[in-house]
Amino acid sequence: MSSSPHFDSEQLCQLLNDLPAEALDELPFGVIGFDAEQLVVRYNRHESQAAKFPVSEVMGQQVFVELAPCLNNYIVALRFELAMEQSQPLDAVVPYVLTFAMRPTRVRLRLLSDPALPLRFVLVQRQVSGLV
């Protein structure tokens with residue numbers, strides 16, 4: 001790959017599945033990658049520093065129960081569940097306010113999954129101007 005993927009890149013789910021885990025640390029947005037059992041298997045430095053959760057403590061946690069229960073709702077977690085049940089890809093950008101273990105923080109989330117790929121992703125873009 002000639003350049004790093006961006007938050008809005010096309011085919012980003014495939015790119016992130018193919019990218020070595022260490023390369024995720026170079027991305028300028030948060031990356032939470034999880035498997036079919038919703039266990040965190042990828043967590044980049046950007047997200048670790050922003051959320052103040054050490055990578056070593058996050059790996060293996062249930063993404064929507066232990067790591068980010070503020071995402072365990074119909075806006076985020078249910079979309080992944082429905083996409084999986086229907087064997088459909090998911091690529092949605094959602095304005096959101098994170099509230100777990102931090103003061104409310106406005107972000108854009110990108111929800112990515114593809115039934116043909118092993119990992120699913122929640123991407124977190126902070127410092128979004130004009131976010132309602």
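Just after helix α5, Ser 87 adopts a positive phi of about 50°. The model is predicted; local features require pLDDT of at least 70 and side-chain atom pairs pLDDT 80 or more, whereas totals for chains, interfaces and linings use all residues. Residues are numbered from 1 along each chain as its sequence is written, and side-chain values use heavy atoms, with hydrogens and water left out.

**View A. The buried face of helix α5 (residues 77-85).** Ala 77, Phe 80 and Ala 83 are the buried residues of this helix (buried: under 20% relative accessible area, 1.4 Å probe, protein chains only). Seen down the axis of α5, these residues fall within an arc of 135°, so they line one face of the helix; the arc is that of the directions from the helix axis to the C-beta atoms. They pack against β1 (30-34), α4 (63-67), β3 (90-98), β4 (105-113) and β5 (120-126), contact meaning heavy atoms within 4.5 Å. Helices (H or I, at least four residues) and strands (E, at least two) are DSSP runs, numbered from the N terminus.

**View B. The open sheet of five strands.** The strand order is β2-β1-β5-β4-β3, with antiparallel pairing (two strands pair if DSSP finds at least two bridges between them). β2 (40-43) and β3 stand at the edges with a single partner strand each, so one side of each is left without a neighbour in the sheet. From one strand to the next, the twist averages 20°, taken between N-to-C directions of axes fitted to C-alpha atoms, on a scale from 0 to 180 degrees.

**View C. Strand β5 and its partners β1 and β4.** Six of the seven residues of β5 are buried. Five bridges join β5 to β1 in antiparallel fashion, with Ile 32 opposite Val 122. Six bridges join β5 to β4, also antiparallel; here Leu 111 stands opposite Val 122 and Arg 108 opposite Gln 125. A hairpin through six residues joins β4 to β5.

**View D. The aromatic cluster of Phe 34, Phe 64 and Phe 80.** The structure holds four aromatic pairs (ring centres within 6.5 Å; planes under 30 degrees apart are stacked, over 60 edge-to-face, the rest tilted). Phe 34 and Phe 64 form an edge-to-face pair, 5.5 Å centre to centre with 75° between the planes. Phe 34 lies in strand β1 and Phe 64 in helix α4, so this pair ties together parts that are 30 residues apart in sequence. The rings of Phe 64 and Phe 80 have centres 5.8 Å apart and planes at 40°, so that pair is tilted. Both Phe 64 and Phe 80 are buried, as is Phe 34.

Notes:
Buried < 20%, exposed > 50% of the residue type's maximum accessible area, 1.4 Å probe, protein only. Phe/Tyr/Trp six-rings, centres within 6.5 Å; stacked < 30°, edge-to-face > 60°.
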